[in-house]
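Please keep the model in view while reading.

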Amino acid sequence: MTTKIALVTGANRGIGKEIARQLGQLGHTVLVGARTPDGTTAAELAAEGIDAREVRLDVRDQASIEAAAKEIEAGHGRLDVLVNNAAIIPPGDNGVPEVGLDVLREAYETNVIGLVAVTQSMLPLLRKTEQARIVNVSSELGSLTSVGDPASPMSEMRMLGYNSSKAAVNMVTVMLANDLRGTGILVNAADPGNCQTEMGGWDAPRTPAQGAAVAVAAATLGADAATGGFHTDGGTLSW
Ligand SMILES: NC(=O)c1ccc[n+]([C@@H]2O[C@H](COP(=O)([O-])OP(=O)(O)OC[C@H]3O[C@@H](n4cnc5c(N)ncnc54)[C@H](OP(=O)(O)O)[C@@H]3O)[C@@H](O)[C@H]2O)c1
């Protein structure tokens, strides 16, 4: 069987690094997307027996995205798995009455436009393989159902930039799944749950490895699996 090639954005730390590790443990060659690659993550994973290489990829820098696609094409000729993991909660994120419009733009530039830009550039490489998988790392905070439920703790998380950008990521997922239906490429969103990272807070209930496992499951779905879903631990979430 040919080794699968997987690209994970924002894989130098947090959940992204764990996604890279777990895909590597499954035998994939992992391309660790990082804004400022310094070799540390690839070396850490290589020491565990994982075939990992770092690729410079700033999701807000179109030139770096195109250069990464060229590098992957030259090195591997294709891409089997794309995990769009990189995201931010912009400083100052807040509810609708208070949030700064520049804060909203920050969230959208990285979490939505950056994700679409990476996906567009990698799509030709994903089309070159059978059964490619695209996973968009989303959040329950992007679920209209959860945030709209006053009984849910999600309804108290007043971060318009982050929450609405993740809702947009969910729509990107559904629309791309429709576009690619019948091609063998499955597109799914994954909610890692609240994990111990810089973003999630170090006192969060879940480990980054637990969160990563949700994305890895979606990245390794079999041929008969569904596309256009919102995956969480052992099940699906309402949009
Ligand atoms: N942690 C949670 O509780 C939680 C819950 C639900 C969903 N999520 C989602 O899980 C994913 C990973 O989150 P995390 O908790 O691991 O966050 P994190 O620890 O803050 O890591 C974020 C990663 O994204 C990268 N990144 C940010 N802006 C980037 C850009 N312009 N280009 C490329 N990379 C960029 C960061 O790189 P630098 O090191 O260069 O900043 C870092 O590698 C995100 O999509 C997040 O929304 C997290």
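A polar contact is a pair of N or O atoms within 3.5 Å; within protein, one must be able to donate a hydrogen and the other to accept it, and residues adjacent in sequence count only if both atoms are side-chain atoms. The model is predicted, with local features needing pLDDT of at least 70 and side-chain atom pairs pLDDT 80 or more, while totals for chains, interfaces and linings use all residues. Residues are numbered from 1 along each chain as its sequence is written, and side-chain values use heavy atoms, leaving out hydrogens and water.

Backbone atoms take part in holding the ligand: a polar backbone atom of Gly 10 lies 3.1 Å from a ligand oxygen, and one of Cys 195 lies 2.8 Å from a ligand oxygen. Lys 166 contributes a polar side-chain atom, 2.9 Å from an oxygen of the ligand. The protein buries 93% of the 900 Å² that the ligand exposes when taken alone (Shrake-Rupley method, 1.4 Å probe).

The ligand is surrounded by 29 residues (a heavy atom within 4 Å), and Arg 13 and Tyr 162 are among the closest.

Arg 13 also forms a salt bridge with Glu 198, their closest N and O atoms being 3.4 Å apart (a side-chain nitrogen of Lys or Arg within 4 Å of a carboxyl oxygen of Asp or Glu). The whole structure holds twelve salt bridges.
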